Protein chains: 2
Amino acid sequence: MSALTLYDYLVSGNGYKVRLLLHQLERAYERIELDITRGETRTPEFLARNPNGRIPCLVLEDGTPLAESNAILWYLAEGTAFLPSERLARAQVLQWMFFEQYSHEPFIAVVRFWIHAGLEGEHADEIPERRRRGVEALGVMEAHLSQRAFFVGERYSIADIALYAYTHVAHEGGFDLTGFPAVRAWLARVAEQPRHIPITQS
Amino acid sequence: MSALTLYDYLVSGNGYKVRLLLHQLERAYERIELDITRGETRTPEFLARNPNGRIPCLVLEDGTPLAESNAILWYLAEGTAFLPSERLARAQVLQWMFFEQYSHEPFIAVVRFWIHAGLEGEHADEIPERRRRGVEALGVMEAHLSQRAFFVGERYSIADIALYAYTHVAHEGGFDLTGFPAVRAWLARVAEQPRHIPITQS
């Protein structure tokens with residue numbers, strides 16, 4: 001039986017989510033780096049695994065590919081302490097993971113990526129609106145976290161991993177977290193979890 | 001014990017997902033219509049239920065609000081025929097639901113909404129790129145459905161509901177499905193499911 005194989009890109013917060021959980025679960029895996037800025041996720045070979053042409057993509061022991069970072073987190077976390085067992089809490093974990101992909105990542109992660117890839121000038125006219133909506137997402141998180149230690153059930157879960165990934169590097173996209181003290185305290189709590197690793201570590 | 005209460009907007013495909021599943025599950029609920037074009041999801045009263053200010057929001061029997069259409073689908077479908085029980089199939093349902101929210105809805109639904117709300121002129125410069133990415137999403141669906149009857153496990157599930165909602169009204173956003181025969185055949189299969197209702201029916 002082959003090990004898990006993760007198609008990944010080290011700069012990616014979406015990839016980091018999966019790396020972080022795999023490390024915290026003490027799961028062995030092979031990592032294959034694809035440079036998305038060089039079209040390496042658009043080759044016929046990779047598109048056969050994920051027709052949507054995106055990393056991360058986790059290839060399971062039997063060869064089945066699974067795409068979408070938060071779906072991969074769910075698959076790996078099922079039956080572990082990183083995903084609650086109660087029906088409502090599980091739906092709340094999903095609520096925050098869908099919030100992350102719809103209301104957070106397209107603004108906070110995308111602006112960071114543009115800056116990283118030297119595309120800031122090309123997207124100059126789109127950046128103010130993306131920044132506005134990113135700050136709006138941080139405001140929603142701040143309100144929620146001002147009364148809670150973690151996103152769901154007062155316990156570290158994959159909802160926290162999903163939202164930590166791009167929030168902790170939001171400054172690389174020019175987002176200032178000074179006005180979001182509850183978010184900053186939560187970032188510190190997440191970073192203190194056992195077997196935490198930085199985004200730069202594979 | 002109160003009934004389920006759905007904060008909704010009849011035009012919304014995200015709202016329709018929940019209405020359709022509730023109807024197919026034969027669950028009774030109270031529906032409260034909020035006109036998102038008139039700011040009715042940004043009132044202090046509604047923001048107390050969903051700080052992200054979006055419909056749909058389902059208020060459970062005990063008063064707990066649950067947001068994000070696909071998280072609501074998951075909550076309602078758990079333990080029913082609309083959500084598989086196998087670990088991998090469940091993760092694949094999530095894969096397609098995250099695909100829907102990240103790679104489909106922001107293009108196909110948003111262009112339709114702009115046209116519906118008379119905002120086409122205001123967003124004229126953004127529409128070509130949104131159309132391109134919407135067509136790309138339809139291409140990913142076409143490739144997948146060309147070999148399958150439904151998105152996951154050859155059975156109608158909430159993955160199909162999530163993707164049907166905005167795909168079946170894509171033409172209202174100016175998307176032409178002529179070149180996507182497998183998508184069109186799948187739309188027909190979904191519409192033939194027992195207790196199907198149209199988007200205009202509450």
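The points below go from the chain contact to the sheet, the domains and a few backbone details.

1. Please keep in mind that this is a predicted model.

2. Let me begin with the contact between the chains. On chain B, 25 residues are in contact with 25 residues of chain A. The elements of chain B that each supply at least two residues to this side are β4 (65–67), α3 (69–77), α4 (87–116) and α5 (127–145). Of these, α4(B) gives the most, with 11 residues. By class, the side of chain B that touches chain A is made up of 15 nonpolar, seven polar and three charged residues.

3. Next, the sheet of chain B. Here four strands form an open sheet with mixed pairing, in the order β2-β1-β3-β4. At the edges are β2 (29–33) and β4 of chain B, each of which pairs on one side only. From one strand to the next, the twist averages 20°. If you look at β1 (residues 4–8) of chain B, five bridges join this strand to β2(B), and the two run parallel. Within that pair, B:L6 stands opposite B:R31 in β2(B).

4. Chain A is assigned two domains, domain 1 (4–77) and domain 2 (87–191). Taken over C-alpha atoms, their centres are 21 Å apart. Domain 1 of chain A brings 12 residues to the contact and domain 2 of chain A brings 11 residues. On the domain 1 side, α1 (13–24) and α3 (69–77) of chain A are the elements that give two or more residues, and the largest share, six residues, comes from α1(A). That side divides into seven nonpolar, four polar and one charged residue.

5. Two peptide bonds deserve a look. Most peptide bonds are trans. The bond from A:I55 to A:P56, however, is cis, with omega near -5°, and A:P56 lies in the loop between α2 (44–49) and β3 (57–59) of chain A. In chain B, a cis bond joins B:I55 and B:P56, with omega about -5°; B:P56 is in the loop between α2 (44–49) and β3 (57–59) of chain B.

6. Finally, two positive phi values in residues other than glycine. Phi of B:E154 is near 55°; this residue lies in the loop between α5 and α6 (158–167) of chain B. B:E154 is exposed because 9 other C-beta atoms lie within 10 Å. For B:R195, phi is near 60°, and its place is in the segment after α7 (181–191) of chain B. B:R195 has 10 C-beta neighbours inside 10 Å and therefore counts as exposed.

Conventions:
Residues are numbered from 1 along each chain as its sequence is written. Chains are lettered from A and ligands numbered from 1 in the order in which they are written. This is a predicted model: local features need pLDDT of at least 70, side-chain atom pairs count only at pLDDT 80 or more; totals for chains, interfaces and linings use all residues. Two residues are in contact if their C-beta atoms, placed from the backbone, lie within 7 Å. Ala, Val, Leu, Ile, Met, Phe, Trp, Tyr, Cys and Pro count as nonpolar, Asp, Glu, Lys and Arg as charged, and the others, Gly among them, as polar. Two strands pair if DSSP finds at least two bridges between them. Axes are lines fitted to C-alpha atoms, for helices over the stretch in contact, and angles run from 0 to 180 degrees between N-to-C directions. Domain bounds come from an automatic or database domain assignment. A residue is buried if 20 or more other C-beta atoms lie within 10 Å of its own, exposed if 12 or fewer, and partly exposed in between; C-beta atoms are placed from the backbone.
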